[in-house]
Amino acid sequence: LMKLPVILIGTHDSIGVGEDGPTHQPIEQLATLRATPNVHLLRPADATETSECWRMALTRTDGPSVLALTRQKLPVLDRTRLRPAADARRGGYILFEPATAPVALVIGTGSEVQLALAAAEQLTGAGTPTRAVSLPCWEAFESQPPEYREHVLPASITARVSVEAASTFGWSRYVGTDGVAVGIDHFGASAPAETLFHEFGITTERVVDAVRQSLAKGTR
């Protein structure tokens, strides 16, 4: 409310906390923070995106920023074949682009960007060219010019899937009526993170299936 440039850093941002018990697994916090006026929620995908999100938080002067970091160990994305992490400063960017025009796109945030990327590459290799988008900060992305937002998420591509290990609430703005939001809309359980992600369907395989489901919707 006071527009102070406060920076909050949170960890253990998903059901990946697993064995700490279901009461410690936040599924609603990302949607809650995004719904809070003037808060910028930043959920980076790897170490390089984290440094860019930290830069965004440090240079913001008109309100608070929250970095939502994960407990899981994440690979550092190979920027020699993917778009540079500096693009994260725009809130969202094309991480992976197939050689031919994409017919579908997968959007991820935080630790699930690696699932979005793996799914896009798998689909592309199987003959369905698919774009992977990293969307670490909705608020920063929404502040970009319409031309840039259309470039990243073109209206012509209606086959869209989001993947985030949290509530799917709010994702309809990006996946649309033919899209699918992969997430978790119920309380978690106590088990190792890998087991939970598998049991709750937050996997590369689920994202691939969701893209095919979305493509089928668009051909009705």
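Is Ser14 buried or exposed? Ser14 counts as buried because its relative accessibility is 1%, where buried means under 20% relative accessible area, exposed over 50%, and partly exposed in between (1.4 Å probe, protein chains only).

## Basis of the description

This is a predicted model, in which local features need pLDDT of at least 70 and side-chain atom pairs count only at pLDDT 80 or more, while totals for chains, interfaces and linings use all residues. Residues are numbered from 1 along each chain as its sequence is written, and side-chain values use heavy atoms, with hydrogens and water left out.

## Overall form of the chain

The chain contains 8 helices and 8 strands; helices (H or I, at least four residues) and strands (E, at least two) are DSSP runs, numbered from the N terminus. Its radius of gyration is 16 Å, close to the 17 Å that the globule rule gives for 220 residues, so the chain is as compact as a globular protein of that length. The radius of gyration is taken over C-alpha atoms, and the globule rule is 2.2 Å times the number of residues to the power 0.38. Along its principal axes, the C-alpha trace spans about 50 × 45 × 35 Å.

Of the 220 residues, 51% count as buried. The chain exposes about 10200 Å², and carbon and sulfur atoms supply 57% of this area; accessible areas come from the Shrake-Rupley method with a 1.4 Å probe, and for residues only the protein chains shown count as cover. Among the contacts with a separation of 6 or more, 72% are between residues 24 or more positions apart, a contact meaning heavy atoms within 4.5 Å.

## The largest pocket

The largest pocket holds about 310 Å³ of space. A pocket is defined on a 1 Å grid over the protein atoms alone, as an open set of points with protein on both sides within 12 Å along at least five of seven lines, where a cavity would be a set of points where a 1.4 Å probe fits but cannot get out; lining residues have an atom within 4 Å of a point. Grid points are joined across faces, edges and corners, and the volume is the space filled by probe spheres set on the points.

The lining of the largest pocket consists of 18 residues, and Gly16, Gln72, Ala193, Glu194 and Phe197 lie nearest its centre. Helix 3 (113-125) and helix 7 (193-199) are the elements that give two or more residues to this lining. Helix 7 gives the most, with 4 residues. By class, the lining divides into 6 nonpolar, 7 polar and 5 charged residues; Ala, Val, Leu, Ile, Met, Phe, Trp, Tyr, Cys and Pro count as nonpolar, Asp, Glu, Lys and Arg as charged, and the others, Gly among them, as polar.

Ser14 is located in the loop between strand 1 and helix 1. Beyond residues up to four places away in sequence, Ser14 touches Gln25, Pro26, Arg43, Gln72, Ala165 and Phe197. Two of these partners, Gln72 and Phe197, are also named among the residues nearest the centre of the largest pocket.

His12 is found in the loop between strand 1 and helix 1 (29-35). His12 has a positive phi of about 55 degrees although it is not a glycine. At 33% relative accessibility, His12 counts as partly exposed.

## Other residues of note

Lys3 is placed in the segment before strand 1 (7-10). Lys3 is not a glycine, yet its phi is positive, at about 60 degrees. Lys3 counts as exposed because its relative accessibility is 53%. Val76, in the loop between strand 3 (65-68) and strand 4 (93-96), is likewise exposed, with a relative accessible area of 53%. Val76 and Asp46 are 30 residues apart in sequence and 5.4 Å apart in space, C-alpha to C-alpha.

Met56 belongs to helix 2 (residues 47-59) and is buried, with a relative accessible area of 14%. Leaving aside neighbours within four places in sequence, Met56 is in contact with Leu42, Ala88, Arg89, Cys137 and Ala140.
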